[in-house]
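Have the coordinates open in your viewer and try each task before reading on.

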Amino acid sequence: MPSSWDFDIIQIGCGPVGQTMAALLGQHGHRVGVFERWPTVYPLPRAGHIDHEIMRILQSVGAAHEFEPHAIPVPDYDWFNGDGDLLLHLDWNQPTPSGWKSDYLMFQPDLQDALLSAVRRLPSVELNFGWNATRITQHDDHVEVTLAHGTVIDGAWTPDGTVRTVTAAWLLGADGANSTVRAAAELGWEDLGFEEDWLVVDIEPHDPDIRIDMPEAGQYCDPRRPVSLFRWLGRAHSRWEFMLLPGESAREMTTEARCWELLSRWKITPDEATIIRRTVYTFRSLLAESWRSGRTLLIGDAAHLMPPFLGQGMCSGIRDAANLAWKLDSVLSGRAHDSLLDTYGDERRPHARSLITMSMELGRIVCLSDPEQAAARDRAFRSGAVAPPPPFPILTAGLLHRNSHGVPAGPAGTLGVQPRVHWQGRTGLCDDLIGGGWTLMTSVPPEQLPLDDDQHALLRHMDTRIVHLTRAKAPGAVIDIDADLTRWLAGHQADVVLVRPDFYVFGAARVGHAGELVDSLRRQMHPHLPAVPA
């Protein structure tokens with residue numbers, strides 16, 4: 001990259017998704033210029049849930065262990081009708097492949113504190129607050145962004161006259177639903193058809209351990225007024241979300257008196273808690289028509305918006321960052337052509353669409369306000385006529401090992417297993433001990449894999465770790481303490497598994513077919529690779 005460019009990547013936006021992206025790129029030494037319009041990160045909670053996959057991504061940037069004490073593992077997500085009868089139970093207490101609890105409730109500023117600590121440890125990342133992008137120009141080989149500096153006056157961002165122009169090879173839009181970057185790139189929305197206004201009320205109890213008669217995480221599908229409620233928003237806050245009824249306005253619903261009136265059902269009073277946030281959101285279902293335009297790419301809410309009923313909005317954005325970061329790293333390091341970046345949207349857009357669709361279906365269960373329709377819904381649940389929620393989506397497109405019919409083979413597209421291991425005198429989670437990136441895990445010694453020189457050359461070019469992981473105390477092996485990976489391989493009738501840097505399985509195979517697995521990677525990566533040295 002020409003030294004005259006200011007950065008490798010300019011990123012507009014510094015919420016949790018942007019912070020994760022900056023940390024992932026900065027770990028590889030790439031020069032990232034982050035520009036956020038507001039003078040500080042947003043101080044109040046928005047997202048309130050993450051899952052095990054997101055904890056593993058946080059682990060990969062060194063933020064999980066700082067953040068974990070502030071997050072509440074939540075085992076259940078229960079849905080009730082207006083009479084308090086259970087309609088739907090989502091079990092969030094199942095074992096996960098990631099080495100973390102299935103689901104957590106959290107206070108977003110705690111997450112941002114941990115992520116910003118991780119980012120600030122990286123000397124190649126420059127954080128700039130108070131800068132608003134006013135002009136974006138794409139060239140064939142770089143982007144140019146003009147920014148105005150400002151401060152907040154009476155709650156509004158106000159320019160102070162200072163202007164700066166910066167250049168980079170790539171531009172990332174992590175600037176939310178009203179993305180300036182998306183608008184400049186002229187990338188439109190696909191509207192999937194969900195739109196409802198909800199009041200969000202967050203409280204801070206004076207006694208954080210106060211008993212409130214509410215589920216840890218739940219939905220009240222009450223036609224008189226649907227309500228979402230979360231006893232634990234991190235370890236010191238709680239949240240309620242109330243659907244607005246016809247004729248109700250945001251101005252009316254956000255008065256403090258009206259909020260306490262709504263909360264009185266749970267016998268919580270102003271003497272016991274402080275309302276820290278009361279605002280009306282419009283829950284929508286939008287998907288950017290494309291996630292790349294030339295040297296501009298979108299992540300997070302700039303690329304997709306979904307109803308909150310599955311708690312996957314921010315999670316999906318952090319998945320975007322994990323998917324795109326390793327591909328940008330490959331391009332910037334010269335290991336791949338920029339055509340590799342086209343696989344980002346190919347992979348992530350269908351996954352996000354599936355989650356939006358699932359969230360919409362759950363939202364339609366919650367948001368029924370017609371009493372007769374709600375009664376019919378309740379009868380359907382009681383009779384067992386309602387199918388259980390579909391399984392969580394996996395990757396189905398992009399860089400995955402496929403069978404002769406072109407369909408992802410076996411575990412390809414699922415999340416890879418992170419076992420507890422012992423290696424070089426230390427015990428811990430596998431990623432912490434052996435690192436990330438492309439990883440070929442094998443239950444036999446690497447020298448027994450039937451790989452030729454060209455296959456080894458490709459793995460070296462992709463900077464792939466080859467790890468012998470076994471239950472035995474074998475020389476040089478990583479010990480699979482709980483046999484989690486050993487059982488996983490046996491369940492898939494495999495001896496080797498190739499895992500991508502975003503923790504998704506590229507493919508798995510028996511020892512005798514390990515070469516075919518690597519050749520499959522070569523075929524799919526070939527259009528995106530320069531000549532691979534022998």
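**Exercise 1.** In which order do the three strands of the open sheet lie, and is the pairing parallel or antiparallel?

*Solution.* Keep in mind that this is a predicted model. Start with the general rule: strands of a sheet pair through backbone hydrogen bonds, either parallel or antiparallel. In this model the three strands of the open sheet follow the order 3-7-4, and their pairing is antiparallel. Next, look for strands that pair on one side only: these are the edge strands, strand 3 (49-51) and strand 4 (72-73).

**Exercise 2.** Find how many bridges join strand 4 to strand 7, and which residue stands opposite P73.

*Solution.* Strand 7 covers residues 103-105, and two bridges connect strand 4 with strand 7. Now go to P73: its opposite number in strand 7 is Y104.

**Exercise 3.** Which strands does helix 2 lie across?

*Solution.* Helix 2 spans residues 52-60 and lies across strand 3 and strand 7. Relative to strand 3, helix 2 runs at about 80°.

**Exercise 4.** Describe how helix 8 (residues 313-332) and helix 9 (residues 342-366) pack.

*Solution.* First take the geometry: the angle is about 165° and the axes are 10 Å apart. Angles over 145 degrees count as roughly antiparallel, so helix 8 is roughly antiparallel to helix 9. Helix 8 passes helix 9 in a right-handed crossing. Then list the contact: helix 8 contributes S316, R319, D320, N323, L324 and K327, while helix 9 brings T343, Y344, E347, R348, H351 and L355.

Methods: Residues are numbered from 1 along each chain as its sequence is written. This is a predicted model: local features need pLDDT of at least 70, side-chain atom pairs count only at pLDDT 80 or more; totals for chains, interfaces and linings use all residues. Side-chain values use heavy atoms; hydrogens and water are left out. Two strands pair if DSSP finds at least two bridges between them. Helices (H or I, at least four residues) and strands (E, at least two) are DSSP runs, numbered from the N terminus. Contact means heavy atoms within 4.5 Å. Axes are lines fitted to C-alpha atoms, for helices over the stretch in contact, and angles run from 0 to 180 degrees between N-to-C directions. Angles under 35 degrees count as roughly parallel, over 145 as roughly antiparallel, 65 to 115 as roughly perpendicular and the rest as oblique. A crossing is left-handed if the near helix is turned anticlockwise from the far one by less than a right angle, and right-handed if clockwise.
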